[in-house]
Amino acid sequence: MTALTPSLRRHAVRVLQRHGIWLVLLLLLLVSATLSDAFLRPAYLMNLVLQQTPVGITAIGVTLVMIAGGIDLSVGAVISLAAVMLSL
């Protein structure tokens, strides 16, 4: 087995640094699809999207606050209050 040349190793590290999160996501999707026959069904995928929508909206809002230089610690409390009020 041959060892990687230094330039090839640097290129591989650069690719992993740039695209590593996408490779991990692809790996998780492949493992999930392999282990569960229901994973790729449209109803299941729509359920995942619907469950993650509030988290995504909140993350976008918190990101904008952080970019503006502020900090907002009340996000969790507001989400909890909204969940309780909507359940009534």
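I will go through the helices of this predicted model and one patch on its surface.

Confidence comes before geometry. The mean pLDDT of the protein is 88, and 98% of its residues reach 70 or more.

Now to α1, which runs over residues 6–35. What span would a straight helix of 30 residues have? At 1.5 Å a residue it would be 44 Å, yet α1 covers only 38 Å between its end C-alpha atoms.

Next, the surface patch. Four residues, I21, W22, L25 and L29, make up a nonpolar patch with about 450 Å² of accessible area together. L25 is part of α1. Is L25 buried, partly exposed or exposed? Its relative accessibility is 41%, so L25 counts as partly exposed, given that the class lies between 20% and 50%.

On to helix α2, residues 42–67. With 26 residues, α2 reaches 35 Å from its first C-alpha to its last, close to the expected 38 Å. Where does α2 bend? The bend is at T53, by about 40°, and a proline, P54, follows within four residues. Just after α2 comes G69, with a positive phi of about 95°.

That is the end of my part.

Note on methods. Residues numbered from 1 in each chain as written. Predicted model: local features only at pLDDT ≥ 70, side-chain atom pairs only at ≥ 80, totals over all residues. Heavy atoms only, no water. Patch = residues over 30% accessible without salt bridge, like charges linked within 9 Å, V, L, I, M, F, W, Y side chains within 5 Å. Areas by Shrake-Rupley, 256 points an atom, 1.4 Å probe, with all protein chains shown as cover. Salt bridge = Lys/Arg side-chain N within 4 Å of Asp/Glu carboxyl O. Helix = DSSP H or I, 4+ residues; strand = E, 2+ residues; numbered from the N terminus. Buried < 20%, exposed > 50% of the residue type's maximum accessible area, 1.4 Å probe, protein only. Expected span 1.5 Å × (residues − 1). pLDDT = per-residue confidence, 0-100. Bend = angle between axes of the 7 residues up to and from the residue.
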